[in-house]
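Subject: Model handover

Hi,

Here is the structure I promised to pass on.

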Amino acid sequence: MHDTLKQVKINDDFFNKYEKLIAETVLPYQEKILRDQIEDAEKSHAIANFEAAAETLKTGKVPEDFYGFVFQDSDVAKWLEGAAYSLLNKPDPELEKRADSVIELIASAQMPDGYLDTYFTLKPDCPRWSNLGEAHELYCAGHMIEAAVAYYECTGKTRFLEIMCRVADHIYNHFITEKAEGYPGHPEVELALMRLYRATGKPEYLELAKHFVDVRGVDSDYFIKEKLRRGWTVWGSDHLNKEYAQNHKPVREQDKATGHSVRAAYLYTGMADVAATTNDKELADACRRLWDNMTRKRMYITGSIGSAYEGESFTEDYHLPNDTTYGETCAAIALVFFGRKMIDLEKNGKYGDAMEKALYNGILSGMQLDGMHFFYVNPLEVIPGISGKAQTHKHTLPQRPKWFPCACCPPNIARLIPSIGRYAWAEETDSPKGHTVWSTLFAGSTIQLQDNKGKIRLDTGKLGYPYGGKLTYTFECAEGNKNVDATLAVRLPEWSRKTVIQINGKPAEYKEETGYAYISGPFDSSTEISVEFDMSVRFLYARTEVASDSGKTAVMRGPVVYCAEGVDNNGTVLGLCIDTSASVDEKTVADPVLGKIVVLDAKGNAIKQEEDAPLYSDRKPVAENCNIRLIPYYSWGNRGLTQMRVWIPYINIK
């Protein structure tokens with residue numbers, strides 16, 4: 001369960017490009033957004049809320065009402081966390097100075113007893129801790145705790161950590177010492193407390209995280225009772241839909257991913273972390289059941305989760321509509337968090353498979369390539385004129401806006417991408433196989449091993465991952481050592497039909513186990529392990545229970561899902577049919593907008609009708625042979641308003 005964040009240095013064309021974008025564009029842009037300095041963008045006012053709260057504590061008067069959603073504070077927290085990781089990767093004194101000033105502002109908004117939440121400071125008529133079901137106090141505290149831990153880990157500064165330890169101590173006193181009832185309406189604090197526990201070693205934080213996991217759903221009526229006695233509301237929630245908040249039954253009894261998808265995956269992340277840390281086998285079994293249900297029956301091919309706009313939620317098994325997908329960016333990010341903690345529980349490649357799918361598809365699609373426009377919702381089919389306009393499709397925007405009133409997703413991307421090292425690698429010095437290093441996500445990078453074992457370098461070749469399929473691992477011995485005495489475990493992606501592993505040009509001996517190839521050391525500085533994946537283009541088909549994908553295929557190459565855009569296909573994707581019996585041409589291009597990518601040209605038909613054909617008719621459409629250009633799904637929507645489709649009807653001419 002060792003965190004590899006500070007050990008890993010990314011040296012990868014694909015992710016270095018994104019890290020540079022985060023540092024030079026995304027973080028400065030988002031800071032201006034938080035300060036309401038971007039014209040024609042949704043107002044945030046998040047920094048102003050902290051300024052108003054600080055003024056209230058200083059003067060005893062409320063100078064300004066709270067603006068925005070009840071969880072507005074969390075946008076500032078995620079921005080600070082992203083800034084911390086960026087500072088670790090690329091030191092920037094000016095950014096650090098500005099981040100320090102925001103931290104001081106947060107300190108000035110903290111109450112004498114440690115409590116911190118600008119909504120409740122600026123709304124004195126709303127008693128704190130009286131609306132756990134709606135008011136997101138613990139959610140905001142969780143994101144602030146995560147940011148404080150990250151800032152401490154990346155800069156070594158303790159100021160923010162001390163602030164948030166006071167917050168955590170206040171929460172501990174309220175819920176443990178004073179035995180207050182309740183648990184978070186929006187889970188997040190559980191996983192955050194686990195991070196705080198590891199950063200400080202303070203057992204109370206582990207105890208508090210475990211408490212929130214243990215009590216959830218034991219009294220499934222808690223939020224209903226709370227509403228009846230408090231006399232005020234944020235959303236007007238009735239709390240009768242208990243699956244929405246994952247409190248319908250105790251967590252150890254849950255077996256389906258239900259309700260709000262971000263809440264669910266954050267909860268499951270905390271559960272998995274507690275289970276791994278405390279060796280709670282019953283809780284671990286619940287995590288496995290929930291993971292399997294989510295990824296086998298309720299996840300999109302892009303790694304997105306949450307199929308319904310109503311409640312931003314999971315619905316039923318195999319209900320995965322394409323044009324009304326919700327697929328919130330935050331939910332895909334939360335799936336990566338959950339998968340990483342499941343790897344701590346048990347080393348199984350299936351977790352990395354899903355993490356990779358979400359990362360390269362359902363997460364990267366959430367940000368424009370310019371770093372200044374974002375998707376909250378990530379549909380798999382977009383038709384301008386319907387998407388974003390029809391009552392049932394208003395959430396599936398055909399173009400990324402600058403910001404959102406509810407802006408949880410943009411800063412979430414800003415904190416995930418620069419911390420990719422902790423998801424790419426895992427290391428245990430005392431595993432059953434001895435000192436073992438797991439390579440799960442294949443970003444070019446170098447990991448400094450613990451116990452003076454040396455370094456492992458991963459190179460992804462000239463084309464680079466995810467487009468190139470050849471990996472090379474080399475080893476650097478620590479001073480005074482002749483070799484790197486460890487076992488290297490390389491994930492074997494489920495999409496690679498054949499994977500070839502060699503050591504110094506000869507077939508390698510390795511043990512395949514639960515989706516990883518275990519290659520035993522020791523390795524010296526002359527050892528070169530090459531891993532070559534099968535990057536053949538694949539046509540994928542959904543189970544017949546997925547009604548929306550019946551008679552359709554999706555195209556993947558390596559871990560990348562592809563889509564067709566109207567801009568490449570004579571203005572429309574409607575009527576296109578792919579010939580799955582024909583070969584697909586691959587071409588590496590340096591597109592002026594999309595960057596260096598591999599595009600695919602498939603063969604098929606374009607179905608055309610007479611312009612004056614009625615809505616329904618017995619006039620048979622005409623099928624014309626055509627080429628279908630496909631681009632990576634994550635890059636769609638960067639070249640103007642156009643149609644887009646992932647799942648395309650297929651034909652088989654042979």
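A quick term before the helices: a crossing is left-handed if the near helix is turned anticlockwise from the far one by less than a right angle, and right-handed if clockwise. On the bookkeeping side, this is a predicted model, where local features need pLDDT of at least 70 and side-chain atom pairs count only at pLDDT 80 or more, while totals for chains, interfaces and linings use all residues. Residues are numbered from 1 along each chain as its sequence is written, and side-chain values use heavy atoms, with hydrogens and water left out.

Helices and strands are DSSP runs numbered from the N terminus (H or I, at least four residues, for helices; E, at least two, for strands).

**Helix pairs**

Helix 4 (residues 93-108) passes helix 7 (residues 159-177) in a left-handed crossing. The contact (heavy atoms within 4.5 Å) involves Ile103, Glu104, Ile106 and Ala107 of helix 4, and Arg159, Phe160 and Ile163 of helix 7. The two pack at about 25 degrees with their axes 10 Å apart; axes are lines fitted to C-alpha atoms, for helices over the stretch in contact, and angles run from 0 to 180 degrees between N-to-C directions. Helix 4 and helix 7 are therefore roughly parallel (angles under 35 degrees; over 145 is roughly antiparallel, 65 to 115 roughly perpendicular, and the rest oblique).

Helix 3 (residues 73-89) has 17 residues and spans 25 Å from first to last C-alpha, close to the 24 Å expected (1.5 Å times one less than the number of residues). Of those 17 residues, 16 are buried, where buried means under 20% relative accessible area, exposed over 50% and partly exposed in between (1.4 Å probe, protein chains only). Its partner is helix 15 (residues 409-416), packed at about 20 degrees with the axes 7 Å apart, which makes helix 3 roughly parallel to helix 15. This crossing is left-handed too. On the helix 3 side the meeting residues include Trp79 and Tyr85, and on the helix 15 side they include Pro411 and Arg415.

In the loop between strand 2 (381-382) and helix 15 sits alanine 407, which is buried at 1% relative accessible area. The C-alpha of alanine 407 is 9.9 Å from that of phenylalanine 375, 32 residues away along the chain.

**Sheets**

Two strands pair if DSSP finds at least two bridges between them. Strand 11 joins strand 12 (residues 516-520) antiparallel through three bridges, with glutamate 513 opposite tyrosine 516.

Another open sheet has seven strands, ordered 1-5-6-7-13-9-10, with antiparallel pairing. Within that sheet, strand 7 (residues 470-476) and strand 13 (residues 528-532) share five bridges, and leucine 471 faces valine 531.

Finally, strand 17 (residues 576-579): Leu576 and Ile578 point one way, Cys577 and Asp579 the other, and all are buried. Strand 17 is antiparallel to strand 19 (residues 595-608) over three bridges, and parallel to strand 22 (residues 648-651) over two. Isoleucine 578 has glycine 604 as its bridge partner in strand 19, while aspartate 579 stands opposite isoleucine 651 in strand 22.

Cheers
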